[in-house]
Amino acid sequence: MENNISIEKSKTTKIQDVDFNNLSFGSVYTDHMLVCDYKNGAWETPKIIPYGNLSLDPASKIFHYGQSIFEGMKAYKDEAGKIFLFRPTDNHARLNKSAERLAMPSIPESHFMEGLETLLKLEKDWIPTTAGSSLYIRPFMFATGVGFHASPADAYKLIIACAPSGAYFSGKVKVLIEQTYSRAANGGVGYAKAGGNYAGQFYPTKLAAEKGYQQIIWTDDNTHEYIEEAGAMNVFVRINDTLMTAPTNDRILDGITRKSILKIAEDEGIQTEVRKIKVSELVDAANNGSLKEIFGAGTAAVISPLAGFGFDGKDYDLPELEAPFSARLKKRITDIQYNRAEDKFGWRHEV
Ligand code: PLP
Ligand code: COI
């Protein structure tokens with residue numbers, strides 16, 4: 001695509017109202033957003049317009065049949081003010097994988113990448129430089145085509161919005177290993193980043209929160225015997241000195257952080273295993289002291305060590321290690337993301 005993206009600049013800016021030293025996650029939005037419409041079987045040229053409300057027909061199929069998918073990415077600024085994305089074409093590829101599963105149109109890489117880069121150049125002052133902060137990027141696509149007929153819409157909107165953000169979790173993170181509810185089913189949409197996958201988690205997560213757990217570790221829907229992933233991140237477990245994570249399948253999101261961590265861990269000489277992990281194995285390991293760490297990995301979560309987990313009415317605390325794998329791996333991945341270290345895997349993308 002020739003870069004003929006139009007830019008309508010906002011007449012005002014909200015940037016002076018933002019406390020960049022105290023950023024929460026995803027709650028203030030930059031001055032502009034990218035919008036791209038799909039109509040008559042084709043994507044139009046993306047436009048950048050002031051961030052603001054949308055006007056939608058109440059019969060838009062997003063409201064009735066939930067055709068809605070999204071991605072989560074971050075832009076990082078280094079000390080020299082250069083801007084970087086982390087493996088952005090993987091997010092684009094996953095957006096299209098989600099689109100295919102939800103019977104939505106795929107978006108050309110050129111629309112996505114050129115649109116995103118143009119938006120980031122315009123919003124560069126919004127990319128925080130305070131430690132642990134970044135510009136969270138939320139590309140999302142939903143059905144604008146109308147009709148109460150339960151079939152795919154004929155029109156869609158892609159939007160990319162950005163939010164300067166700090167850490168996703170605050171305080172100690174404890175998780176509940178779920179035994180009743182399921183996030184995803186065999187042959188379902190669990191591997192897609194579909195809005196409905198998150199809506200379906202809210203009720204069980206609310207019940208877990210009432211018991212003091214911030215997230216759920218989902219287990220397989222068939223037996224509830226194997227751990228899969230958490231609500232907003234993939235899960236890694238360290239037993240003795242082996243780091244393991246569940247294999248991806250059609251119920252689990254194929255996380256970009258997860259696959260990057262596996263590569264970095266191998267590079268660090270850490271023994272890794274990608275295999276099914278039984279809940280009973282975790283409980284045994286917690287009881288005999290060989291369970292050293294559990295951490296979540298995701299774009300928003302980065303690497304979030306867990307303080308403990310609950311299962312079957314009992315709480316299991318995790319030890320506080322002096323040099324956990326989580327800290328070592330977090331340093332490696334964030335050093336690459338913020339351009340503080342060599343990018344030996346070629347993951348950084350300068351904007
Ligand atoms: N699993 C779920 C359910 C998620 O929402 C996320 C976040 O995107 C992840 C895993 C981690 O994926 P990634 O590392 O690509 O952000
Ligand atoms: C991300 O990590 O980017 C996600 O999309 C997770 C989301 C639930 C905040």
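Modeller: Questions and answers on this structure follow. This is a predicted model, in which local features need pLDDT of at least 70, side-chain atom pairs count only at pLDDT 80 or more, and totals for chains, interfaces and linings use all residues. Residues are numbered from 1 along each chain as its sequence is written, and chains are lettered from A and ligands numbered from 1 in the order in which they are written.

Colleague: Is Lys193 buried or exposed?

Modeller: The unreviewed UniProt entry annotates Lys193 as "modified residue: N6-(pyridoxal phosphate)lysine"; UniProt positions are in the numbering used here, feature names are shortened, and annotations may be inferred rather than shown by experiment. Lys193 sits in the loop between strand 10 (174-177) and helix 4 (195-210), where helices (H or I, at least four residues) and strands (E, at least two) are DSSP runs numbered from the N terminus. A residue is buried if 20 or more other C-beta atoms, placed from the backbone, lie within 10 Å of its own, exposed if 12 or fewer, and partly exposed in between. Because Lys193 has 24 C-beta neighbours inside 10 Å, it counts as buried.

Colleague: Which element gives the largest share of the side of domain 1 that touches domain 2?

Modeller: The chain is divided into domain 1 (6-165) and domain 2 (174-338), with bounds from an automatic or database domain assignment. In all, 22 residues of domain 1 are in contact with 12 residues of domain 2 (C-beta atoms, placed from the backbone, within 7 Å). Elements giving two or more residues to the domain 1 side are strand 5 (68-70), strand 6 (73-77), strand 7 (83-86) and helix 2 (88-101). The largest share, 6 residues, comes from helix 2.

Colleague: Which element gives the most to the shell around ligand 1?

Modeller: The residues around ligand 1 (C-beta atom, placed from the backbone, within 6 Å) include Gly72, Glu229, Asn234 and Arg258. Strand 13 (233-239) and helix 5 (256-267) each supply at least two residues of this shell. With 3 residues, the most comes from helix 5.

Colleague: How far apart are the C-alpha atoms of Leu321 and Glu293?

Modeller: Leu321 lies in the loop between strand 19 (314-317) and helix 7 (325-337). Leu321 is partly exposed because 13 other C-beta atoms lie within 10 Å. Leaving aside residues up to four places away in sequence, Leu321 touches Lys292 and Glu293. Leu321 and Glu293 are 28 residues apart along the chain, and their C-alpha atoms are separated by 8.4 Å.

Methods:
Two residues are in contact if their C-beta atoms, placed from the backbone, lie within 7 Å.
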